[in-house]
Amino acid sequence: MKEKNRGLALFTLLVYVFLLGPLVIIAFASFEPGSILKFPPTGFSLKWYRNILEVKMFLTTFNTSIIVSLIGNLFALLLGIPAAYALSRFEFKGKTALNAIFISPVLIPGIVLGFTMLKYLIVAYHLPIYAALLMGHTVIMLPFIIRVVASSLSNFDFAVEEAALSLGAGHLKTFFKVVLPNIKSGIIAAVLIAFLESFNNVDISVFMTGPGVSTLPIQMLTYVENHFDPTIAAISVLLMIFTAVLMFIIERLMGLSYFTKR
């Protein structure tokens with residue numbers, strides 16, 4: 001029994017090393033004082049973290065990524081919350097097919113989806129690049145909004161809503177005063193998950209960007225084509241910390257939502 005537990009512990013350790021090893025290597029390499037990315041580093045320096053602020057395109061594309069993710073998130077919320085509510089609350093013909101349509105952006109390979117959007121939104125309909133980029137990110141965020149909000153609604157007792165309606169509250173007032181406050185933590189978690197998906201997206205953004213409009217991940221790819229210094233490693237470390245903090249918040253919110261409903 002002990003040998004079996006030791007084998008399982010060793011296997012678990014190897015899995016963690018396989019998953020976290022590259023991240024640790026990147027983190028250490030970001031402190032390399034030389035002008036070439038290498039591991040192990042020959043010293044310790046923070047100059048490549050300072051270099052991030054000196055490259056204007058990193059700051060510009062970071063702002064673009066933030067704006068696109070936030071505005072796209074707002075559009076995805078306006079579409080996703082009513083869709084999740086309808087799918088969770090009512091039974092109607094074609095519900096399964098409609099649900100599959102909403103989830104399809106996650107199932108379709110990103111390259112296929114991005115090329116399709118490029119062909120129709122930009123080439124066929126001549127939408128401005130910024131508008132097409134925003135529309136593309138809204139599409140990829142929508143499934144995450146719907147799934148997380150629907151999951152939160154699955155724990156909601158709709159008898160409370162019916163009670164509010166029977167006491168004279170209108171449907172809209174009941175929705176905003178009763179339903180939404182009870183799934184608030186699920187909505188916040190959905191927003192954060194969708195934001196991460198949009199902010200770190202590459203496969204859609206690479207087709208939706210163009211002259212004067214780019215996102216941070218695409219700018220990082222462009223930078224690597226011409227430079228081999230540790231700047232990208234430094235940005236990667238900051239993005240890993242940013243992602244880890246948001247995921248911790250999401251985990252706490254989802255846990256709070258689960259126990260609140262209990």
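Is Lys 95 buried or exposed? In this predicted model, Lys 95 is buried, with a relative accessible area of 19%. The cut-off for buried is under 20%. The side chain of Lys 95 meets that of Glu 91 in a salt bridge, at 3.1 Å from N to O. Glu 91 itself counts as exposed, at 71% relative accessibility.

The whole structure holds three salt bridges. Arg 89 pairs with Glu 161, with 2.8 Å between the closest N and O atoms. This pair links distant parts of the chain: Arg 89 lies in helix H3 (residues 56–89) and Glu 161 in helix H7 (residues 158–166), 72 residues apart. Arg 89 also forms a salt bridge with Glu 162, at 3.3 Å between the closest N and O atoms. Glu 162 lies in H7 and Arg 89 in H3, so this pair ties together parts 73 residues apart in sequence. Glu 161 is buried, at 3% relative accessible area. Arg 89 is partly exposed at 23%, and Glu 162 is partly exposed at 44%.

Helix H2 (residues 47–54) has the buried residues Trp 48, Tyr 49, Asn 51 and Ile 52. They lie on the same side of H2, because they cover an arc of only 150° around the axis. The face turned away from this buried side carries exposed Leu 53 and Glu 54.

A nonpolar surface patch covers about 1200 Å². Its residues include Leu 8, Phe 11, Leu 20 and Phe 39. Leu 20 lies in helix H1 (residues 2–29) and is partly exposed, with a relative accessible area of 44%.

Definitions and conventions. Residues are numbered from 1 along each chain as its sequence is written. This is a predicted model: local features need pLDDT of at least 70, side-chain atom pairs count only at pLDDT 80 or more; totals for chains, interfaces and linings use all residues. Side-chain values use heavy atoms; hydrogens and water are left out. Buried means under 20% relative accessible area, exposed over 50%, partly exposed in between (1.4 Å probe, protein chains only). Helices (H or I, at least four residues) and strands (E, at least two) are DSSP runs, numbered from the N terminus. The arc is that of the directions from the helix axis to the C-beta atoms. Patches are made of residues with over 30% relative accessible area and no salt bridge: like charges are joined within 9 Å, nonpolar side chains (Val, Leu, Ile, Met, Phe, Trp, Tyr) within 5 Å. Accessible areas come from the Shrake-Rupley method with a 1.4 Å probe; for residues, only the protein chains shown count as cover. A salt bridge is a side-chain nitrogen of Lys or Arg within 4 Å of a carboxyl oxygen of Asp or Glu.
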